[in-house]
Amino acid sequence: MALKYCQGTKCHTHRTKDRIKGQQGNKTYQTRRRSNFYYGNGNFCSTWCQNDWFNDFGDRAIDHFGRTTEPKMLTEDNAWYKDYDWRPGVDEPHIYYYYNPLTKERRPLTEEQYNDNNYTLNER
Ligand SMILES: [Zn+2]
């Protein structure tokens, strides 16, 4: 598996032993390199590095992709979400349903509909 570098702008300045590379007399702190990272969509070795990146580039990234300047809204037509009431018994199936917190309406779902990511009551 290909190794990749943490994208944290200050990763190499966080002085942990695992970041020290090189022979005696020529040692450096280096950006972490791994096959996989768990933060920031696989780009950062830690939330520390993710925050460093955001502090340096976040405003520019938001301006580039579009800053939110007015509220986004869910309406009664697209506020439905799937949920279920958990039942402990093997012979007692969970109760699946769609719920609309704006109208307080609840509609039953089958387990198949619950698991189907394309099935929705929300208007698109
Ligand atoms: Zn890092």
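Start by selecting strands β5, β6 and β7: these 3 strands form an open sheet in the order β5-β6-β7, with antiparallel pairing. Here strands (E, at least two residues) and helices (H or I, at least four residues) are DSSP runs numbered from the N terminus, and two strands pair if DSSP finds at least two bridges between them. Strands of a sheet pair through backbone hydrogen bonds, either parallel or antiparallel. Colour β5 (81–85) and β7 (105–109) next, as they are the edge strands, each pairing on one side only. From one strand to the next, the twist averages 35°; the axes are lines fitted to C-alpha atoms, and angles run from 0 to 180 degrees between N-to-C directions.

A word on what is loaded. This is a predicted model, in which local features need pLDDT of at least 70 and side-chain atom pairs count only at pLDDT 80 or more, while totals for chains, interfaces and linings use all residues. Residues are numbered from 1 along each chain as its sequence is written, and side-chain values use heavy atoms, with hydrogens and water left out.

Now zoom in on β6 (residues 95–100), which 5 bridges join to the antiparallel β7. Pick tyrosine 98 and look across to β7, where its bridge partner is arginine 107.

Follow the loop between β6 and β7 to lysine 104. Its phi is near 60°, a positive value in a residue other than glycine. Most residues other than glycine have a negative phi. Lysine 104 is exposed, with a relative accessible area of 62%; exposed means over 50%, buried under 20%, and partly exposed in between (1.4 Å probe, protein chains only).

For another positive phi, near 60°, go to asparagine 41. Asparagine 41 sits in the loop between β4 and α1 and counts as exposed, at 78% relative accessibility.

Last stop: the zinc ion. Which residues hold its protein donors? Show Cys6, Cys11, Cys45 and Cys49, whose SG atoms lie 2.3 Å from the zinc ion. Donors are N, O and S atoms within 2.8 Å of the metal (3.2 Å for Na, K and Ca); water is not among the atoms, so sites may look incomplete. The site is tetrahedral, with angles of 105 to 114° among its 4 donor atoms; four donors count as tetrahedral if all angles lie between 85 and 135 degrees. In sequence, the donor residues are spaced C-x4-C-x33-C-x3-C. Cysteine 6, in the loop between β1 (4–5) and β2 (20–21), and cysteine 45, in the loop between β4 (33–34) and α1 (47–65), link distant parts of the chain, 39 residues apart. Cysteine 6 counts as buried at 4% relative accessibility, and cysteine 45 counts as buried at 14%.

Key: Tetrahedral: all angles 85-135°; square planar, octahedral: opposite > 155°, others 65-115°.
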